[in-house]
Amino acid sequence: MAGRIYFDNAATTPLDGRVAEAMRPYETGTFGNPSSLHAEGRLARRAVDEARRFVARLINALPEEVLFTGSGTEADNLALRGFERRGAQPPGPIVTTAIEHPAVLETCRHLQSRGAEVAYLRPNADGIIDSESLRQALRPATRLVSVMAANNVTGVVQPVAELAAIAHGHGSLFHTDAVQALGRIPVDVEAWGVDLLSLSAHKIYGPKGVGALYVRKGVSLAPILFGGGQERSLRSATENVAGIVGLGRAADIARLEAAEDACRLVSLRDRLIDGVLNDVPNAYLIGHRFLRLPGHVCLGLAGQEGEAIRLLLALDEAGVAVSSGSACSSNHAGEPSSVLTAMGLDPLRARGSLRISLGRFNSEDEVRQFLGVFPALCASLRRATSRK
Ligand code: PLP
């Protein structure tokens, strides 16, 4: 293989050169603190405000509804913990799903340890949360529902607008973790009718360590960080100006180019899926065939589920970066994926997934090269497995 092929865009995306260029001045010369009143401070404030407008425009929100955070994880924490801590009430029942990213799941477990009742919806075999299961899980006192827009393991896209309407009909607010969805499918807070939405820069060709939370006007949250009162007192800390500028630029590029990227990626993704299912006899696709992110493929290999890590390392040696499950899974290598278990896959099958996620900088030629090596690697692994 000529150069390395990066097929792990769901874990993180490369920084777009145009984003790096926009950030550069704020990493060196333009170093002011946006809270300072002097010219250096005002320049930094202007850059932060402009980035806020870019992010707002991408998701069809008002600029004042966008709060910058240090990550998608922090945005999820602020949404859920900030909601539960508002006012004097004890934490109320929450409905979420068993397939959320740990940033939501672990936050819900923390809230449970503080007395909140949490219901975890399970998806159907295609990885989709259906509206009837949400209706059944709602309790009279439920005030918050959190369902991710697209899953980080399977790439399956959820019917967010439909689920949000059900939550609202019940008098609950609706949060969605759109970290994987943003820049890949249209994300529109008005069309979806969501009240809180989390996003992260490093999944849209922006820098790591910066995210944002959309908070619909009128929704009240309590801070989880206390200090100098930045970001409407909801996220105290001196702003990461260069990072925020990067997120803003990445959002603006996504607004202009995401639809075109998506068309190209759907066709590359489908070629990859068809190629693998044709040439690897025991391969199967995990998650709905079409209701999935452009560029996102999640595969299993029947009878070889225990060998997913070995296959990942063989691909790595051949020059292709993919992932098993999610990025966080290197901390839990070999454990079944809770997302796949929740979809009803047995624990052995749930250990064996391979996630292949294409992005803006991948080419047709790379997919062709991948299809040139993958079936042979699977075959040699099958031979090794059958000799055991
Ligand atoms: N939510 C989802 C669905 C994700 O895929 C990720 C990252 O993988 C996160 C949240 C966390 O975002 P960050 O890495 O910015 O903390």
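Let me start with a term: a residue is buried when its relative accessible area is under 20%, exposed when over 50%, and partly exposed in between, using a 1.4 Å probe and protein chains only. By that rule, F370 and F374 are both buried.

A word on what we are looking at. This is a predicted model, where local features need pLDDT of at least 70, side-chain atom pairs count only at pLDDT 80 or more, and totals for chains, interfaces and linings use all residues. Residues are numbered from 1 along each chain as its sequence is written, and side-chain values use heavy atoms, with hydrogens and water left out.

Back to those two phenylalanines. F370 and F374 sit in helix α12, residues 364-387. Helices here are DSSP runs of H or I with at least four residues, strands are runs of E with at least two, and both are numbered from the N terminus. The two residues are four apart, about one turn of the helix.

How many aromatic pairs does a search of the whole structure find? Three. Rings of Phe, Tyr and Trp (its six-membered ring) pair if their centres lie within 6.5 Å; planes under 30 degrees apart are stacked, over 60 edge-to-face, and the rest tilted. F370 and F374 are a stacked pair, with 4.9 Å from centre to centre and 20 degrees between the planes.

Next, charges over rings. The test is that NZ of Lys or CZ of Arg lies within 6 Å of the ring centre and within 35 degrees of the ring normal. The charged end of R86 sits over the ring of F83, 3.8 Å from its centre. R349 lies over the face of Y284, 4.1 Å from the ring centre.

Now the helix packing. Axes are lines fitted to C-alpha atoms, for helices over the stretch in contact, and angles run from 0 to 180 degrees between N-to-C directions. Follow helix α8, residues 241-279.

Start with α8 against α12. They pack at an angle of about 15 degrees, with axes 10 Å apart. That makes the two helices roughly parallel. The cut-offs: under 35 degrees is roughly parallel, over 145 roughly antiparallel, 65 to 115 roughly perpendicular, and the rest oblique. α8 passes α12 in a right-handed crossing. A crossing is right-handed if the near helix is turned clockwise from the far one by less than a right angle, and left-handed if anticlockwise. Contact means heavy atoms within 4.5 Å. On the α12 side, the contact residues include F370 and F374, our stacked pair. On the α8 side, they include L268, L272 and V276.

Then α1, residues 17-27. The axes of α1 and α8 come within 8 Å and cross at roughly 155 degrees. The two are therefore roughly antiparallel. This crossing is right-handed. Among the residues making the contact are V19, M23 and Y26 of α1, and V245, R249 and I253 of α8.

Third, α2. Its axis and that of α8 come within 8 Å, crossing at roughly 35 degrees. Which hand does the crossing of α2 and α8 have, left or right? Left-handed. The α2 contact residues include F54 and V55, and those of α8 include V245 and R249.

Now some single residues. S198 is in strand β7, residues 196-200. S198 is buried, at 0% relative accessible area. The C-alpha atoms of S198 and A178 are 5.5 Å apart, although 20 residues separate them along the chain. Leaving out residues up to four places away in sequence, S198 touches A178, H175 and G72, among others.

Two backbone angles to note. N60 is not a glycine, yet has a positive phi of about 60 degrees. N60 lies in the loop between α2 (39-59) and β2 (66-69). It is partly exposed, at 40%. R232 also has a positive phi, near 55 degrees, and is not a glycine. R232 lies in the loop between β8 (211-215) and α8.

G344 is in the loop between α10 (338-342) and α11 (347-350). G344 is exposed, with a relative accessible area of 58%. G344 and D126 are 218 residues apart in sequence, and 9.5 Å apart from C-alpha to C-alpha. A165, in helix α6 (160-169), counts as partly exposed at 48%.
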